[in-house]
Amino acid sequence: MVTRAVASEPPDPSIGVPYAARPATSMGTDLVSRLGTSRTAGSWVDSAGRPVVAVTDEKAADEVERAGARAKMVRHSMSDLKSATATLRSAPRVPGTAWALDYKSNEVVVRGDSTVSASDWSRLTDVAEGIGGFVRMERTEGTFTTRVNGAQPILSTAGRCSAGFNVTDGATDYILTAGHCGPDGSVWFADDRGREQVGTSLKGSFPGDDYSLVKYDSGRAGEGADVVAVGDGKGVRITGVADAEVGQKIFRSGSTSGLREGEVTALNATVNYPEGTVTGLIETNVCAEPGDSGGPMFADGIALGVTSGGSGDCTAGGTTFFQPVTKALTELGVKLIVAKQAGAGTGSSPAPSASQGAASPGSSAPVTGEDVSGLLSRLTDPRNVGPGLLVIAGSLVALVATRWIRAEQDRKAYRQYYSATWG
């Protein structure tokens, strides 16, 4: 049985922009860039979708208001905030801690999870107090971990992860996923017995960043490369890529916890995972669980990030960090494979806003093919041992379908085989 995942008309994907598509609310980002880091302290989107810019002087506030954005006077500039994070980075590294710039409160927020000892937390608090009163210390439940365990649909000796987005360098197609999923050379399979090879990891970066490519063995992602499946035989067509904005409503999907929505709470976050430190991440209040690593974060069909890690779960809630797609594409020298816009000719077209009004995952695209709906519904059922395929570039369905539906005995053996990575 061969299955396909395809979008509705127009059916053919185009080789999209590397990262040029920007939301309309980039007005705030543009104003921050023009006014400079000594006169501003970041921007965000308010509940009405209007950009807000933090400014440190009245003349800057007037310029922001004339441009059509809202100005908020703050005490500390972006230069102050970044200086604070530089001091934190220079302190002895403490695994289980993270910090990010909270533009709305004009603070640097430092969090420590349950693994951080009282003595380490006290030493880090002393560092924060030496910086000034705009560094806020918070303890958080759970632990900051990468989210490899239990993920589907790609498996290797390094662990298991979710596919993120399909990308290309013009000659070869790849899967963009999390860098912590496995070192360069990791071979990925779509089945537990190693019979259906998907591809091989290369050009990964972790720690420091958290992205990598999985090169398709066939060299091609196949039909539906511009669609990510979200369960129940449905998918979301990816039409572009952009930088995330603080306050933006976003969606994240993963093979453990499914499709979830939340909000971007901070940018340029640093997380001290047990395996190493990762910087430049997107912080959100959307939940995630082990098994969601590498899965995509998007809004209105615009690719924004791939899941890195976080704390908490989807019962009590938590914090999840994402590797920005824009930086990964730039560093890797690849472009996102996107859907053609209606009425467009060959090539890419500008992506729609990812943060205007009430956000949605994106335009729907039916996932068709023999027995695909039944396959997806079974894979997305959390009662199954493999908790489900909620987000996967559409082309991967073809790789997974022929062998993933196995007997209960095989699935129990599969779980036992990977018990070391389930945790």
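What pLDDT does the protein average, and what share of the residues score at least 70?

**Figure 1. Confidence across the predicted model.** The structure shown is a predicted model. The protein averages a pLDDT of 76, and 69% of the residues score at least 70. In residues 343-357 the pLDDT is below 50, and this stretch has 35 contacts in the model beyond near neighbours in sequence. Over residues 366-423 pLDDT likewise stays under 50. For residues 366-423 the model has 152 contacts beyond four places in sequence. Where pLDDT is low, the predicted coordinates should not be read in detail.

**Figure 2. The open sheet formed by β2, β3 and β4.** This open sheet has 3 strands in the order β2-β3-β4, and its pairing is mixed. Its edge strands, β2 (40-45) and β4 (70-73), each pair on one side only. From one strand to the next, the twist averages 25 degrees. Strands of a sheet pair through backbone hydrogen bonds, either parallel or antiparallel. Strand β2 and strand β3 (residues 51-55) run antiparallel and are joined by 4 bridges. Within this pairing, Val-45 has Pro-51 in β3 as its bridge partner. Two helices also pack on the sheet. Helix α1 touches β2 and β3, and its direction makes about 175 degrees with that of β2. Helix α2 touches β3 and β4, and the direction of α2 makes about 160 degrees with that of β4.

**Figure 3. The packing of helix α1 with helix α2.** Two packed helices are described by the angle between their axes and the distance between the axes. Helix α1 (residues 26-35) packs with helix α2 (residues 58-66) at an angle of about 145 degrees, and their axes are 11 Å apart. The crossing of these two helices, α1 and α2, is right-handed. From α1, the residues Leu-31, Arg-34 and Leu-35 meet Ala-60, Glu-63 and Val-64 of α2. The contact of α1 with α2 comprises 4 nonpolar, no polar and 2 charged residues.

**Figure 4. The packing of helix α3 with helix α4.** Helix α3 spans residues 78-90 and helix α4 spans residues 118-131. The two helices pack at an angle of about 150 degrees, with axes 10 Å apart. Helices α3 and α4 are therefore roughly antiparallel to each other, and the crossing of α3 and α4 is right-handed. Which residues of α3 meet Leu-124, Val-127 and Ile-131 in α4? They are Ala-84, Thr-87 and Leu-88. Sorted by class, the contact of α3 with α4 has 5 nonpolar residues, 1 polar residue and no charged residues.

**Figure 5. Backbone details in two loops.** Most residues other than glycine have a negative phi, and most peptide bonds are trans. Asn-106 lies in the loop between β5 (97-102) and β6 (107-112). The phi of Asn-106 is near 60 degrees, a positive value in a residue other than glycine. In the other loop, between β14 (197-205) and β15 (211-216), lies Pro-207. Is the peptide bond from Phe-206 to Pro-207 cis or trans? The bond from Phe-206 to Pro-207 is cis, with omega near -5 degrees.

Terms used:
Residues numbered from 1 in each chain as written. Predicted model: local features only at pLDDT ≥ 70, side-chain atom pairs only at ≥ 80, totals over all residues. Heavy atoms only, no water. Axes fitted to C-alpha atoms, helices over the stretch in contact; angles between N-to-C directions. Parallel < 35°, antiparallel > 145°, perpendicular 65-115°, else oblique. Left-handed = near helix turned anticlockwise from the far one by under 90°. Contact = heavy atoms within 4.5 Å. Nonpolar A, V, L, I, M, F, W, Y, C, P; charged D, E, K, R; others polar. pLDDT = per-residue confidence, 0-100. Pairing = 2+ DSSP bridges.
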